[in-house]
Amino acid sequence: MRLLPLAPGRLRRGSPRHLPSCSPALLLLVLGGCLGVFGVAAGTRRPNVVLLLTDDQDEVLGGMTPLKKTKALIGEMGMTFSSAYVPSALCCPSRASILTGKYPHNHHVVNNTLEGNCSSKSWQKIQEPNTFPAILRSMCGYQTFFAGKYLNEYGAPDAGGLEHVPLGWSYWYALEKNSKYYNYTLSINGKARKHGENYSVDYLTDVLANVSLDFLDYKSNFEPFFMMIATPAPHSPWTAAPQYQKAFQNVFAPRNKNFNIHGTNKHWLIRQAKTPMTNSSIQFLDNAFRKRWQTLLSVDDLVEKLVKRLEFTGELNNTYIFYTSDNGYHTGQFSLPIDKRQLYEFDIKVPLLVRGPGIKPNQTSKMLVANIDLGPTILDIAGYDLNKTQMDGMSLLPILRGASNLTWRSDVLVEYQGEGRNVTDPTCPSLSPGVSQCFPDCVCEDAYNNTYACVRTMSALWNLQYCEFDDQEVFVEVYNLTADPDQITNIAKTIDPELLGKMNYRLMMLQSCSGPTCRTPGVFDPGYRFDPRLMFSNRGSVRTRRFSKHLL
């Protein structure tokens, strides 16, 4: 099938039509905001960018293991980030952070519902015009292509339905609502197309691969391009392609140190999990683990096809390819069967692999990075002046190019607002009100007051996480990941009180940050300044910043 761009009548204000071959002077006039370090010279074109986004792929529990081709074609040909995090361990808030370069408290998407601002009219009006793809298209003359899962409530009738095509996309091939593999509907430039359950024409990961290859065949050769391909894998319902349904039969979820143990001295939601888990729960999570890996084998094929096509068309050496996930996942850690949403490494840490011009092969970076950095990085690649944005993230381009003596952050913010209503679940009357995502044995993965914010910090001295919950306890969790990488022991009551106060203060600063103030020195940076008078009330207790009950 041949992909067509949005019809002229559907081009959005501020979005250029495809540019014809034009003189350098005219190109300079049109793209004046995106020259940057690359400039525009006769016979040259700014780099292309591809962003590959998986759904619920962990890094901590071996999520990259099935992707041998991806690791060879992207990781080994470029840089792998070993400390990449998401600011919220849930699909819609995390994807919103990727698109806007902002923390959740600034883009205001707090969960996967319309009420939580996921693909809402408010999001469309306020945030979509300022996403990095919109800037690439309107200010930098990039042709932009999207295929796959956008935001969980995309296509909802109250959000404009499938006719809504977000500002900034030349080609739009988006899934209605949440991840599926068969029996789904796509918006193709605003027109609905239903798919069934015939593997050869309907399996979504393969459909995304094929339409992406079509784009590379039929795109304009006069503009650089940006592609975002967002696969359903390895999100539930974990439907593998037929040829992969018997793979990994002898694989089980990792039995690491925090598997199937009680979450002692943790937030009440973690403590409520039944330990040991039931045999049925363990069988279920092991099966889910295998199926998740099976679905990723089709993603591996997609990556291989894409890289080979870029090489065939002569575009590969001028193309940056990013591979990452919207959040991590857990399978039995602290006796929670399967989900994300929690503050621990298995849910907030993700894979991030990048190859492209100027990136040496077989590089590993330990720099602390987050998905809010992807937008600034891609705009930097395009030559856009990042001072013109309100993004919270930082460009990774200096790291990718091996800059020495680089000043970099020592902490990132993680924040989440729990889902659920403040009522008791009639199927689990013994549990506290407001629980959700409950398993048949009343082990619940979320609650309305599972609302927290954390500072995740890394330095030469500390590998630390400090978290506060917005509940009646104002519960605090602190972990020293150097000594305790599995986050078993909460050291909130034994850590140096002065350090605890500094982390509390830093958390308040990050929760209210915006743009440049999100990039100020952290507790372990030489430039950090701490005024202890700001930390204490008249009673002398540590002051904590409360969360909004509506929006972070």
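**Cores and salt bridges**

Modeller: In the largest nonpolar core, which has 113 residues, the members that touch the most others are Phe81, Phe132, Phe226 and Phe322. Helix α14 (residues 497-511) contributes the most to this core, giving 6 residues. At least three residues come from each of domain 1 (46-407) and domain 2 (433-516), the domain bounds being taken from an automatic or database assignment. This is a predicted model, in which local features need pLDDT of at least 70 and side-chain atom pairs count only at pLDDT 80 or more, whereas totals for chains, interfaces and linings use all residues. Residues are numbered from 1 along each chain as its sequence is written, and side-chain values use heavy atoms, with hydrogens and water left out.

Biologist: What is meant by a nonpolar core?

Modeller: The term denotes a set of buried Ala, Val, Leu, Ile, Met, Phe, Trp, Tyr and Cys residues joined through side-chain atoms within 4.5 Å. Another core, of 42 residues, lies apart from the largest one and includes Leu186, Met227, Ile229 and Leu306.

Biologist: Which residues does Phe226 touch?

Modeller: Leaving aside residues up to four places away in sequence, Phe226 touches, among others, Val49, Phe132, Tyr142, Trp169 and Ile378. Contact here means heavy atoms within 4.5 Å.

Biologist: Why is the pairing of Arg255 with Asp286 called a salt bridge?

Modeller: A salt bridge requires a side-chain nitrogen of Lys or Arg within 4 Å of a carboxyl oxygen of Asp or Glu. The closest N and O atoms of Arg255 and Asp286 are 2.7 Å apart, so the pair qualifies. Arg255 lies in the loop between β8 (225-230) and α9 (268-271) and Asp286 in helix α10 (residues 279-312), so the bridge ties together parts 31 residues apart in sequence. Helices (H or I, at least four residues) and strands (E, at least two) are DSSP runs numbered from the N terminus.

Biologist: What makes Asp286 buried and Arg255 partly exposed?

Modeller: Buried means under 20% relative accessible area, exposed over 50%, and partly exposed in between (1.4 Å probe, protein chains only). Asp286 has 5%, so it is buried; Arg255 has 46%, so it is partly exposed.

Biologist: How do you know that Arg341 forms a salt bridge with Asp446?

Modeller: The closest N and O atoms of Arg341 and Asp446 are 3.7 Å apart, so the pair meets the cut-off. Arg341 is in the loop between β11 and α11 and Asp446 in strand β17 (residues 444-447), 105 residues apart. Asp446 has a relative accessible area of 0% and is therefore buried.
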